[in-house]
Amino acid sequence: PMLTPRRYGWLLASALSCAGLQAACSDDDMGRPGDAAADAATDDGEEMGSVVADQAQAQIGHEPAPDALAHLGAIVLAIDGGEIAQAEIAIDRANDPVVMDYAERMNDEHADHADALEALLADRGVAPTESAVSGSLRAEAFAGIGELKGTPRNELDFVYMRLQVKMHAAAGVLINRLYDLAPGDPDDQELLAFLDATRSAIAAHRSQAEAILRAR
């Protein structure tokens, strides 16, 4: 099936919603513990994303289109899977309704995104194929899950939002590189449209996570 605007409309809606949350962070909020945590998480995430993006380029950039698409699909699905798994913990243990709402949206939106991606791959007769890159992403997500499970409940909100800033910073760098590496027919713009909407949503999720974390 074709990936219509309605099927990835949630991605664009997320991108548009970030501006309101960013506006909620005024200059008076600077200097809070969340500021230092957000800055550090951003730096860590972008560094991690650059390393993984280099790994993805070394692999996908030298593969025939079907193999490249299969590995690209598994990489993006690994991002979705990590977000869903961490969100489930936050949904169960978060204290702040704002954090709870964010976690519920991450769970729903990344699940919808994974479904849309699997449909896009199936339409091309491609099954996602795991690689060292997707394995690295899953390992990083599981490390975050372990951290969340070991965090006292009264600190869970802060730790979850810090992880969200880091994960989305890393994913943003990676998806930008995957967009440039996307294989397929140059006349087929569906995959590029999907990846473009994906990176817009990731940027929105990151901005929202930063706003919540900096306000703490």
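How many helices and strands make up the secondary structure of the protein chain?

**Figure 1. Overall fold of the protein chain in a predicted model.** The secondary structure of the protein chain comes to 7 helices and 0 strands, and the pattern read along the sequence is α-α-α-α-α-α-α. The protein chain has 216 residues, of which buried residues make up 48%. The structure also holds 15 salt bridges, and some of them are shown in the views that follow.

**Figure 2. Close-up of the salt bridge between aspartate 54 and arginine 177.** The closest N and O atoms of aspartate 54 and arginine 177 are 2.9 Å apart in this salt bridge. Because aspartate 54 lies in helix 2 (residues 33–60) and arginine 177 in helix 6 (residues 156–181), the pair ties together parts that are 123 residues apart in sequence. Aspartate 54 has a relative accessibility of 43%, and therefore counts as partly exposed.

**Figure 3. Close-up of the salt bridge between glutamate 130 and arginine 138.** Here the closest N and O atoms of glutamate 130 and arginine 138 are 3.0 Å apart. Glutamate 130 counts as partly exposed, because its relative accessibility is 46%, and arginine 138, at 29% relative accessibility, likewise counts as partly exposed.

**Figure 4. Close-up of the salt bridge between arginine 199 and aspartate 196 in helix 7.** The side chains of arginine 199 and aspartate 196 meet at 3.0 Å, taken from N to O. Both residues belong to helix 7 (residues 190–214), where they are 3 residues apart, or about one turn of the helix. Arginine 199 is partly exposed, with a relative accessible area of 25%, while aspartate 196, at 33% relative accessibility, also counts as partly exposed.

**Figure 5. Close-up of a patch of negative charge on the surface.** The residues that gather in this patch are Glu104, Asp108, Asp112, Asp115 and Glu118. Among them, aspartate 115 has its place in helix 4 (residues 97–123), and aspartate 108 lies in helix 4 too. Aspartate 108 has a relative accessible area of 44%, and is therefore described as partly exposed. From C-alpha to C-alpha, aspartate 108 and alanine 87 are 9.3 Å apart in space, whereas in sequence the separation of these two residues is 21 residues.

Terms used:
Residues are numbered from 1 along each chain as its sequence is written. This is a predicted model: local features need pLDDT of at least 70, side-chain atom pairs count only at pLDDT 80 or more; totals for chains, interfaces and linings use all residues. Side-chain values use heavy atoms; hydrogens and water are left out. Patches are made of residues with over 30% relative accessible area and no salt bridge: like charges are joined within 9 Å, nonpolar side chains (Val, Leu, Ile, Met, Phe, Trp, Tyr) within 5 Å. Accessible areas come from the Shrake-Rupley method with a 1.4 Å probe; for residues, only the protein chains shown count as cover. A salt bridge is a side-chain nitrogen of Lys or Arg within 4 Å of a carboxyl oxygen of Asp or Glu. Lys and Arg count as positive and Asp and Glu as negative; His and the chain ends are not counted. The place of a charge is taken as NZ of Lys, CZ of Arg, CG of Asp or CD of Glu. Helices (H or I, at least four residues) and strands (E, at least two) are DSSP runs, numbered from the N terminus. Buried means under 20% relative accessible area, exposed over 50%, partly exposed in between (1.4 Å probe, protein chains only).
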